[in-house]
Amino acid sequence: MIRLQNVTKTFNSDTTAVDNISFHVKEGETFGLVGTSGCGKTTTLKMINRLIEPTSGTITINGNSITSQEPQKLRRNIGYVIQDVGLFPHYTIEQNISTVPKLLEWNERRVQSRSEELLEMVGLSPEIFSERFPESLSGGQQQRVGLARALAADPSIILMDEPFGALDPITKRQIRTEVSKLFKQIKKTIVLVTHDIFEAFEMCDRLCLLDEGKMQQIGTPKELLFHPASDFVDSFLASNRFQLELLSITISNILKLKENSELYWSPPSEKDQQDDIQADQSLYEILEEMEQRNHENVAIIHRIDGRVADSLSFSDLLNRFQSYKKDLKIGGEDG
Amino acid sequence: MVDFWNFIITNHAELLDQTGEHVGLTFVSLFIAVIIGIPLGVIATRFKSISSPVLGAVGIIQTIPSIALLGFMLPLLGIGALPAIVALFLYALLPIVRNTYSGIEEVESSVTESARGMGMTGGQILRKVELPLASPVIFAGIRTATVINVGVATLCALIGAGGLGEYIFRGIALNNSVMIMAGALPAALLALGFDFVLGLVERNISKLMKPLSYGLAVVVIFVSLYSVSTVFSEDQLRIGVPPEFLERADGFDGLQKHYDFDMPVVEMNASLMYEALQNGRVDVAVGYSTDGRIEAFDLKVLEDDKRYFPPYECAPVVRQDFAQQNPDILQAINKLAGTIDTETMIRLNSAVDHKGKDERAVAEEFLHKKGFETDINRQGDPEMLIGGKLQTEQFILGHMYRILIENYTDLDVGLRLGLAGTQIVFNALLNDEIQLYPEYTGTGLHVLLEPDESTIDSLGNNAQKVYRFVANESQQQFDIRWLEPVGFENTYALLMRSKQAEKLGIETISDLARFLNQ
């Protein structure tokens with residue numbers, strides 16, 4: 001959907017911020033641009049909505065060069081979320097969210113109902129928040145509004161630049177999870193810039209790791225972890241390797257799931273928690289939940305056609321995880 | 001206090017006019033400054049390369065003393081409301097440009113970035129984001145500019161633009177504190193009032209933004225048109241009169257009665273009168289008969305055919321005690337007695353005013369030609385001070401006396417020239433702050449001594465009788481001694497442009513009165 005070809009950006013004719021980058025973001029995927037600060041990831045992102053013009057190379061969206069239309073028109077069809085949110089302090093929340101629809105000259109009623117719909121979508125009550133001003137909102141609430149504003153005109157592409165960077169760890173985690181879910185529902189093509197590798201692993205389908213403006217590797221989180229293209233990629237991930245592995249391997253990877261497999265916790269929870277397990281949940285999430293449910297006495301039950309095929313304790317999970325990793329490295333393929 | 005209220009009540013009509021002019025000057029200039037200043041500030045934020053030159057330039061304008069800025073306007077724009085408005089406009093520019101610039105610069109970059117990222121055009125970002133967010137800061141700048149302008153506008157009276165400064169300067173010239181107060185107090189109240197109202201507006205700017213900008217524009221345009229029309233509209237012959245002449249007993253009222261005429265007055269500083277006349281801002285001017293510009297600007301002195309103006313022989317006045325202690329100084333001073341006739345004085349004045357020569361050089365050259373010693377020029381601490389009024393010849397005479405005293409006695413002489421008004425110089429002499437200054441017999445009679453009308457009538461404007469009367473009375477009343485006259489007479493005179501006088505067939509003041517009464 002978004003295609004960069006040999007894109008280079010030099011500033012002041014001597015600093016090369018982005019050096020000959022090419023990649024293709026597929027429709028509906030979440031694509032991460034990852035790297036240390038100053039690696040060129042934000043510059044790359046801003047070239048997609050023409051906040052920065054590339055020095056050379058081409059960028060196309062759905063096959064059309066982005067330079068074929070006015071930058072303002074282009075930007076109105078691309079959502080944009082930044083770390084500092086940048087809500088307009090003199091606009092109410094509703095006016096903030098309605099910015100792009102108004103630029104697109106939607107009628108008043110459509111603008112208003114869209115704004116209410118979006119506030120609901122990002123988990124804020126329109127009755128409470130519509131007429132308030134940004135300064136009265138917490139950082140997390142502001143970022144939710146920022147997200148709603150980016151989604152306002154229902155763009156098919158959303159660019160996000162460290163969207164959760166300014167939030168405290170707890171809020172960050174919470175919003176990140178919600179946003180991941182939301183994005184899966186609404187099927188947007190997302191390009192996410194982050195220096196937080198966990199964030200990238202948790203949210204992105206594929207990643208592009210950059211260093212000093214150069215592309216180091218493009219691939220799924222698992223490919224980067226288990227088949228690093230260079231020593232740089234390997235060392236970039238080294239310090240958090242174990243956690244990242246758990247994040248990138250799903251429960252379905254380590255179990256032989258059939259079409260009518262069911263996974264659930266045993267014993268059932270005393271609280272109102274759901275007891276079934278999604279096949280695409282990462283081992284990290286599973287282990288974390290197991291920890292919360294007191295792992296000594298908890299097991300995961302795998303049923304096929306109603307019959308118990310497997311029962312896994314904490315250590316069973318870790319053993320399967322280890323042997324799966326071994327297979328991965330030998331087999332050279334990923335699940 | 002009672003005096004003050006009486007003055008206000010008696011002069012309330014004039015005071016209202018002046019207040020109107022004052023508000024007009026302030027707001028016309030402010031309006032222009034807003035219209036030009038805000039775009040200038042915006043441009044400075046857009047093109048970084050010109051931001052420091054622009055801010056620097058308006059900053060430098062602000063550092064020019066206001067009175068000097070008015071002075072710079074004179075050769076370019078003459079006198080009256082126009083140069084005053086231009087000067088005030090330049091003053092108001094800095095706070096407005098600077099605050100617009102910093103107000104926009106202070107808008108958080110994340111806000112403008114997200115605005116750009118959402119697809120707003122440059123103009124939309126400016127109108128919908130930057131200007132609204134910067135508006136409190138911009139408005140604070142406008143508020144500062146308003147208060148500055150109310151203050152500086154008082155100085156505009158000096159260049160004939162009217163306003164509350166008229167009373168202030170007339171009061172200074174006449175040493176009349178009630179009159180100064182009558183100008184200063186309303187000016188201060190105006191400044192406080194505007195500051196208060198604008199402060200209220202500033203705090204509620206987000207709510208008031210739209211109605212305010214339209215309302216303000218309408219009010220400002222209305223006030224501007226009104227005040228400009230009052231300043232520019234008249235097409236009759238007008239007379240320029242210095243503040244001092246308006247108020248004194250032998251002044252303008254007496255002149256109008258004596259010759260039976262009535263004409264609209266433009267009050268302005270005496271030293272600007274000649275240029276105002278030459279530029280056609282006024283058609284008749286009250287000037288001094290020895291002024292060098294009469295010759296330089298081709299002006300005509302109307303003959304005082306009904307002898308209204310008393311003789312104004314110039315003679316040095318000294319403190320009696322000082323004269324007795326320093327007979328040698330009197331000798332030195334008296335060397336000048338009878339040596340300068342009126343034509344010579346015009347020529348000397350012209351050398352300074354028109355040919356741009358230094359007063360001291362002109363004085364020295366003249367004395368040298370007359371055969372006096374001029375070589376000594378002491379630089380030590382002055383042991384006596386010579387005073388002088390604002391007229392050019394007072395400067396020249398002051399230097400002459402200094403040269404003579406330093407060359408013929410052992411004294412070091414200092415100068416306190418350019419004091420504004422007779423009362424100020426005379427009081428300085430009475431208080432022993434100066435010991436000597438050149439005065440005119442007519443001024444002594446009408447301003448200092450103020451005898452009753454029968455006494456004045458008995459003198460019959462005879463030069464010698466007036467000198468004798470003034471010399472005797474000054475000695476008795478003030479312990480002040482009049483020395484021998486210098487030789488020239490500097491009376492008030494009505495001046496016209498020679499060409500216009502010729503065209504209208506006016507030779508004498510009676511001709512002028514006849515013309516006006518047609």
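Predicted model: local features only at pLDDT ≥ 70, side-chain atom pairs only at ≥ 80, totals over all residues.
Me: Let's start where the chains meet. How many residues of chain B are in contact with chain A?
Reply: On the chain B side, 16 residues are in contact. They meet 21 residues of chain A.

Me: And how much area is buried between them?
Reply: About 1600 Å². Carbon and sulfur atoms give 63% of that.

Me: Which residues in chain B lose the most area to chain A?
Reply: Glu113(B), Arg116(B) and Met118(B). Together they make up 36% of what the chain B side buries.

Me: What is the count of salt bridges between the two chains?
Reply: The count is one. Glu113(B) pairs with Lys46(A). Their closest N and O atoms are 3.5 Å apart.

Me: How many residue pairs are in polar contact across the interface?
Reply: Eight, with both residues at pLDDT 80 or more.

Me: Which helix gives the largest share of the chain B side?
Reply: That is α6(B), with seven residues. Both α6 (109-117) and α7 (122-153) of chain B supply at least two residues each.

Me: How do the residues on that side divide into nonpolar, polar and charged?
Reply: Seven are nonpolar, six are polar and three are charged.

Me: New topic. Where is Asp196(A)?
Reply: Asp196(A) sits in the loop between β8 (189-194) and α9 (197-203) of chain A.

Me: Is Asp196(A) buried or exposed?
Reply: Buried. Its relative accessibility is 16%, and the cut-off for buried is under 20%.

Me: What does Asp196(A) touch?
Reply: Lys172(A) and Arg176(A), leaving out residues up to four places away in sequence. Also, a polar atom of the Asp196(A) side chain lies 3.0 Å from the backbone nitrogen of Phe198(A).

Me: Take Phe23(A) and Phe31(A). Why is that pair stacked?
Reply: Because their planes are at 25°, and under 30 degrees counts as stacked. The ring centres are 4.7 Å apart.

Me: Are those two buried or exposed?
Reply: Phe23(A) is buried, at 5% relative accessible area. Phe31(A) is buried too, at 0%.

Me: What about Phe88(A) and Tyr91(A)?
Reply: They form an edge-to-face pair. The centres are 5.3 Å apart, with 85° between the planes. Both residues are buried.

Me: Last one. Which residues form an aromatic cluster in chain B?
Reply: Phe245(B), Tyr288(B), Tyr308(B), Phe309(B), Tyr312(B) and Tyr492(B) form one cluster.

Terms used
Residues numbered from 1 in each chain as written. Chains lettered and ligands numbered in written order. Heavy atoms only, no water. Contact = heavy atoms within 4.5 Å. Buried area = accessible area lost by both parts, 1.4 Å probe. Salt bridge = Lys/Arg side-chain N within 4 Å of Asp/Glu carboxyl O. Polar contact = N/O pair within 3.5 Å; in protein donor to acceptor, adjacent residues only side chain to side chain. Helix = DSSP H or I, 4+ residues; strand = E, 2+ residues; numbered from the N terminus. Nonpolar A, V, L, I, M, F, W, Y, C, P; charged D, E, K, R; others polar. Buried < 20%, exposed > 50% of the residue type's maximum accessible area, 1.4 Å probe, protein only. Phe/Tyr/Trp six-rings, centres within 6.5 Å; stacked < 30°, edge-to-face > 60°.
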